[in-house]
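Me: I am new to this one. Please show it to me, and then let us go through a few questions.

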4 protein chains.
Amino acid sequence: MTDSNDYAGSIELLDCMGSDLDVANAARVSFGVEHSELTDRDIKLIKYLWEHKHSTPFEHCVLKFRIEAPMFIAKQHMRHRTWSYNEISRRYTSENITMYSPSKFRQQASSNRQASTSNLVDPVIDIVAGERSSLEITATDCLKKNAEDSVKLYEALLAKGICREQARGILPQNTFTKYIATANLLNVLKFLALRDKPEAQYEMQLLAKAMSTIVKEKFPVVFSAFNKVEEV
Amino acid sequence: MTDSNDYAGSIELLDCMGSDLDVANAARVSFGVEHSELTDRDIKLIKYLWEHKHSTPFEHCVLKFRIEAPMFIAKQHMRHRTWSYNEISRRYTSENITMYSPSKFRQQASSNRQASTSNLVDPVIDIVAGERSSLEITATDCLKKNAEDSVKLYEALLAKGICREQARGILPQNTFTKYIATANLLNVLKFLALRDKPEAQYEMQLLAKAMSTIVKEKFPVVFSAFNKVEEV
Amino acid sequence: MTDSNDYAGSIELLDCMGSDLDVANAARVSFGVEHSELTDRDIKLIKYLWEHKHSTPFEHCVLKFRIEAPMFIAKQHMRHRTWSYNEISRRYTSENITMYSPSKFRQQASSNRQASTSNLVDPVIDIVAGERSSLEITATDCLKKNAEDSVKLYEALLAKGICREQARGILPQNTFTKYIATANLLNVLKFLALRDKPEAQYEMQLLAKAMSTIVKEKFPVVFSAFNKVEEV
Amino acid sequence: MTDSNDYAGSIELLDCMGSDLDVANAARVSFGVEHSELTDRDIKLIKYLWEHKHSTPFEHCVLKFRIEAPMFIAKQHMRHRTWSYNEISRRYTSENITMYSPSKFRQQASSNRQASTSNLVDPVIDIVAGERSSLEITATDCLKKNAEDSVKLYEALLAKGICREQARGILPQNTFTKYIATANLLNVLKFLALRDKPEAQYEMQLLAKAMSTIVKEKFPVVFSAFNKVEEV
């Protein structure tokens, strides 16, 4: 896996509505019953609900996150259409551009076209430098140079009065973006069921694992029921 | 309008996430800015957002209600597909059956096929009673009799072992139902824009007006911006 | 189960967009590849997609149905919030009121509070008739009488000028309703996965099974993949 | 505006379900009425529906598009969460990388932080070339060079065995992406109401205008009703 020191983003819980008890009580609306404290029967009920895909009682709890991630990860996140998002707009602001810079790279898997292996490499790359010379630098240095060059070019375009919405086109997908993301507990768990999995891109797994930790803390019974079925 | 003493249901706020300030801050994510207190500029921003249909910043606040309403009203509510619902199930429980019993009736509008007038009446109805006789009673008494007869028949069917899910078929749509309903602020406002309007059925307007009062209390700036545009 | 001659509604395919091949091609967009005919690899791909919950390729095919069902079934259907619906409105029209009239009844299950058994009964019910006498009739006759009495009362209220939107409140949930319902293939299958199941109310199963037959005919490969996993 | 010869992507209608008549008939389900041909009253009805935000009858028609667009445009499109998407994945394939290369640039608007002016420029940019020299080239040439350098670097990383999902991080947002996008007519129109507007980024307007032309051809009466209200 990528060096654990690589900064691939961050996630923070901004707000949260509801608790394990609220999930049980939402289910008990069917019977016209409500509990004021979480009982052992409620815990069993929550497990039963998740196992049998009775999903509506999980929709009355809500989590709101602040997230920073590379654009290619934010893009994957925003394919989850049941969430609500507000993101920094590079039509509005050109400030604080930072880039994802891994210090090691995973190798392409040969068996699975979509995947990468856990083999970490940082090969030497031959790049063209200027008109006539070439330059041998490591892949990590290549990315850093690419990041720096892109920002310089971006700022040069802005300095000449070119509009932000066009200038941003040259920023690479490694550019970090910031957004808030809100979803009900059901849709948070559906996100985790897909993204806190070995099939997900490693950088996405990092985000999903950090989100899992938050969900587990706020909804321990629900998370345990979820985890047993989905094996996240 | 219907006698204000008629009980047509109830609504209660169970939980709420967010505030006017959170709406403004969600919008300011685009610029990478956050305020810790609601300023005059935030108030202007919120008005601007609603007027110009920039709707996403309203999605990070959430309201959760407990509602009691006649089935025909709950059904209209549940056509709003962005909300989350859990409702009492007459497959599970046969207890606490109560009925909507208006004490006056609105007359059918002739110009608008969907509407009723504000003319309140309680005409005498000729109904068949038993095999040979007929009975002249007021419409309100008719409804009460219909409600009582339906519940008696329902209970007679259950007493003979007939399953609840079939027996409920004879319960009229005036039967009250109970449910919890959760939506983000945007979708609560979209509900109000349609249902807190003269075109809505009067009983629905009662629910919507009670909901408006709650929204106005929790999100005064947002509600004022909404109200100015939608003229609720 | 209920006598198969009982009319519990109908479903008809009004329109359909897409085919098995379109599902495979939607998935192959990821690779930048398209097939013009369904190959064995496409069939394997479709099975793989359903088994591994890669659900988006199933969203580009759409089915549009015309449905007639008792109100308690239509209500269950309309809890599926990803579908689109337009329904006959009893605020607009008071014509063609018909009722679901089963000729046999299922007994309440004792072990599962929500369920009914396959035991069919038609017990004799003692109902109050008029002011002083009682009447012993079968449950099926009870329902017929309840249906007739409700319609008579409904029409009597309308005849006195009471608005349709209030008069409908006395119509029982056995009243048939008509609606069109449109969803993409993924959401049709999600409906079937929940409703073409023994846990669903029998009358709902009838609707779901009829829908399954239609889906199977239009999307045989997809339906086979779905059926293998969901055991509908 | 940008030179009309600039290739900013393409849109093609792949499939379509429904017609103007189907919208009118979906609305007439409320009354229990259906027409077999579009009448003048249907045309009036459709206008009434859109003007009064009776939106459900527009949900039973569906359009499926194949789109090619720069990543920053596809990203804006995919914020519309009611649509269905399948997109080429740069985790799967590294083939056919092409870039958006405008031949002229719009200037940043000073009054509106989000907007650009219609002033077209192609200023000379001073960029660092190699280690010691600098290079004066036009902005358009800058973008071309940035595109070429990015692809070369991308391919160099892949040649050394680095996984596609990490290598893609250096590709700029000007990279073209391909996807299919399906939505019902209501949500297509909601997209156009926001994106076929002067406030939208010019490149997005190009996509929206091309989509408008398609919608107008398939649903002329609906589009006319929409256009009158939304002034697209």
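Me: In chain A, what share of the contacts with a separation of 6 or more comes from residues 24 or more positions apart?
Reply: This is a predicted model. Take the contacts in chain A with a separation of 6 or more. Residues 24 or more positions apart account for this share of them: 68%.

Me: How many helices and strands are there in chain A?
Reply: Chain A holds both kinds of element. The helices number eight, and the strands also number eight.

Me: Is chain A a compact globule or more spread out?
Reply: For 232 residues, the globule rule gives 17 Å. The radius of gyration of chain A is well over that, at 22 Å. Along its principal axes, the C-alpha trace spans about 80 × 45 × 25 Å. The radius exceeds the rule's value, so chain A is more spread out.

Me: What percentage of chain A counts as buried?
Reply: A residue is buried if 20 or more other C-beta atoms lie within 10 Å of its own. Among the 232 residues of chain A, the buried share is 45%.

Me: How does helix 6 of chain D lie relative to helix 7 of chain D?
Reply: Helix 6 covers residues 185–195 of chain D, and helix 7 covers residues 202–218. Their axes are 9 Å apart, at an angle of about 140°. That angle makes helix 6 of chain D, relative to helix 7 of chain D, oblique.

Me: Which residues of helix 6 of chain D make the contact with helix 7 of chain D?
Reply: Helix 7 of chain D contributes residues including Met204(D), Ala208(D) and Met211(D). On the side of helix 6 of chain D, the residues are Val188(D), Leu192(D) and Arg195(D).

Definitions and conventions:
Residues numbered from 1 in each chain as written. Chains lettered and ligands numbered in written order. Predicted model: local features only at pLDDT ≥ 70, side-chain atom pairs only at ≥ 80, totals over all residues. Axes fitted to C-alpha atoms, helices over the stretch in contact; angles between N-to-C directions. Helix = DSSP H or I, 4+ residues; strand = E, 2+ residues; numbered from the N terminus. Parallel < 35°, antiparallel > 145°, perpendicular 65-115°, else oblique. Contact = placed C-beta atoms within 7 Å. Rg over C-alpha atoms; globule rule 2.2 N^0.38 Å. Buried ≥ 20, exposed ≤ 12 C-beta atoms within 10 Å, placed from the backbone.
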